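Thanks for coming. I will go through one structure, starting with its salt bridges and then moving to the cores.

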Amino acid sequence: MAPKKEKPKPSPASAAAQPPPPLEDLFSTLNRHVQNYEFAQAVKLADQVLAIAPGDEDAVRCKIVALIKSDAIDKALDAINAASKLPFDLSFYKAYCLYRQNKLQEALECIQSQEKTATILQLESQIYYRLGKMDSCIESYENLKKFKIDSLDLKTNIIAAYIAAGKSNEVESIMSQLKVKPSNSFEIAYNTACSLVEKNKYVEAEQMLLSARRIGQEMLMEEDYGDEEIESELAPISVQLAYVRQLMGHDQESMEEYSSIISKNLADPSSLAIATNNLIALKEGKEISDGLKKLDKIIIKGNGDKPFEFVNGLEYRLNPRQKEAIFSNRVLLLLQANKIDQAQEIVSMLQKSYPQSITPTVLQAAVFVREKKIPKAEEILSQYASKSPQNSQNALLTLAQIASSAGHYLIASESLSKIPEIQHAPAVVATSVSLLTRLGQLSSASSVLDNSIQWWENSMEENREMKLGILIPESANFKLKTGKEDQAAGLYEELVKRNGKSVEALVGLVKTAAKFDLEKAERYEKQLKPLTGLKRVDVESLEKTAGAKQLDGGSSMTKMEISDEVKKAKAKKRKRKPKYPKGYDPANPGPPPDPERWLPKRERSTYRPKRKDKRAQIRGAQGSVSRDKHDSTTNTGTGTSTSASVGTSGVGSSKASEQNRGKSRKKKSRN
């Protein structure tokens, strides 16, 4: 068989001599690759165009966009820097690449001097959102309205920004302005549910999340997503649904849902981190070491300005509130594990990262309490309350709790009196009265009750009557205990006028007024319904009697007539003869059994110890010792010193020898 002839390879000179394809053909091929999402091929075509026409603006832009689309952000930045001297601006592309690399401050600086176009404003709003600057984010979205962009994604981001900024009350009006409904997409339904959670409408939020899950499943199935992909896309909805049920008090159900999300490991990193944190919070420190291990997979040691960092890019995927909550739970676990130094390290970092938040201050107070430095804890909470009076409620409540636990009742009472939002709530009033009573300030406690009643009487809230129905009886009872019967009667009388059907108020008024105003007591007593079964009782004659007397030689109880049925029932019952042990004669029972028969022999009164055998004693002069006994004593001393130097193993060998000696005694006793 003849060998095949190889085709001659073209020489470099002939290859160079071939003319390059025309630019029109290259651009048409480039456009086809872009339309088919073949970005790697698009990058190669763009390089061919730039080889023929260096610095071509369209080719440079196509190459950068193709690199960004293929997630080659570093190469895209290199291409941007290489084209920095060309006469066209690539600042937007550079800012977007920096945004993708989470270099948010540098990205923001790149577009600060740019004209506020629609694309620039959208990127700017996204940067502000990741930075947690929600007011600036909303301002950028407001500037976007003049461009009248009809994009569902953009509208979804606007709603999310309002929720993250704490403006959930405005979400409904914003959605009507944007002309969107929750049924438009599962993202909008999810954001609507989040706004309902912020407004404490948990039942409605749960139904909205279930609707969002159903809409998402239908939409993603139409786009040919797989089951695992659908579950991954809808993971934030599942986590939020478990959180809502946690807020509703369904702890067991929430724990099962969180555990399922974590075990499947199909959710995005941020959803997994939130599920892990919430599951740890639900367990309430029952598994401290396990909780710390799980948080160690989310938070790692950092370098430089950031002593702690989140893994998997969670630093920019979680909002500031979520990150603060995760750090707070880690501090609480460390305090329960008595790792105070590590907890203090995180608290110091939180104080720098969240200077406006109350959480670092409360955590610092918890660290001081753990170190038994109660005055320092009270001091920092008082300072925060004075510096931030608008956000001082949690600080003052924490201060009241710490002070009351430490026996500083005056500080606790003063702290509660500085919270106008809940100052007149029945629970707070009861706590204040109890604290002042312990201090012996009964008049101040009475004033707290009077002021609260007056405040609710002037209030226009819907639950006004219910609160007064709680406070007025408690105030009357307190005044009755402190000897102010007339004031207590006045309160009961007011309560009767408010609610004439209240039997408790009427009884309280009659009992109180009877001590100083019999006419008023009798007048109100007539409003009480008569008790059944007391019509034949003559109260006046009963009061004149001296009471029941015991008859001489007999019982004070009269014989009751027993019915025939009871007599027959008793007659049916027959007395059974007692069963005696075998060989026992009840006529001759013999001596009584020994009452100490259940006690050990050594504890019985008849026990006498055996006398020692004195026959083996040595007779001789005073101070003389036999040689054998002296040798055994010396050996025993050596053994003792050796076991002491061994330590732990010496204790074990000593126990073994004691057990062996016990066994040998038992053998001798059998013989």
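Glutamate 142 is partly exposed, at a relative accessible area of 35%. Partly exposed here is the range between buried, under 20% relative accessible area, and exposed, over 50%, computed with a 1.4 Å probe on protein chains only. Before going on, the conditions: this is a predicted model, where local features need pLDDT of at least 70, side-chain atom pairs count only at pLDDT 80 or more, and totals for chains, interfaces and linings use all residues. Residues are numbered from 1 along each chain as its sequence is written, and side-chain values use heavy atoms, with hydrogens and water left out.

Back to glutamate 142. Its side chain meets that of lysine 145 in a salt bridge, 3.2 Å from N to O. The term salt bridge means a side-chain nitrogen of Lys or Arg within 4 Å of a carboxyl oxygen of Asp or Glu. Lysine 145 is partly exposed as well, at 36% relative accessibility. Asparagine 143 belongs to helix α9, residues 134–144; helices are DSSP runs of H or I with at least four residues, strands are runs of E with at least two, and both are numbered from the N terminus. Asparagine 143 has a relative accessible area of 36%, so it is partly exposed. From asparagine 143 to leucine 121 is 22 residues in sequence and 7.6 Å in space, C-alpha to C-alpha.

How many salt bridges does a search of the whole structure find? The search gives 20. One of them joins arginine 330 to aspartate 296, with the closest N and O atoms 2.9 Å apart. Arginine 330 sits in helix α20 (residues 320–336) and aspartate 296 in helix α18 (residues 288–296), so this pair ties together parts 34 residues apart in sequence. Is arginine 330 buried or exposed? At 10% relative accessibility, arginine 330 counts as buried, while aspartate 296 is partly exposed at 39%.

Arginine 464 and glutamate 465 also form a salt bridge through their side chains, at 3.1 Å from N to O. Arginine 464 is partly exposed at 22% relative accessibility, and glutamate 465 is partly exposed at 43%.

There is also a network of salt bridges, which links Glu206, Arg245, Glu253 and Glu257. Glutamate 206 is in helix α13, residues 202–222, and is buried, with a relative accessible area of 12%. Which residues does glutamate 206 contact, leaving aside its neighbours within four places in sequence? They are Leu241, Val244, Arg245 and Met248, where contact means heavy atoms within 4.5 Å.

Now the cores. A nonpolar core is a set of buried Ala, Val, Leu, Ile, Met, Phe, Trp, Tyr and Cys residues joined through side-chain atoms within 4.5 Å. The largest has 56 residues, and Ile64, Leu90, Ile127 and Ile159 touch the most other members. Apart from that core lies another, of 37 residues, including Val239, Ile261, Ala273 and Ala343. Leucine 90, leaving aside neighbours within four places in sequence, contacts Val60, Arg61, Ile64, Ile80 and Ala83.

Last, the totals. The protein chain has 35 helices and two strands. Of its 671 residues, 33% are buried. Among contacts with a separation of 6 or more, 46% are between residues 24 or more positions apart. The chain exposes about 45,700 Å², with carbon and sulfur atoms supplying 51% of that area, by the Shrake-Rupley method with a 1.4 Å probe.
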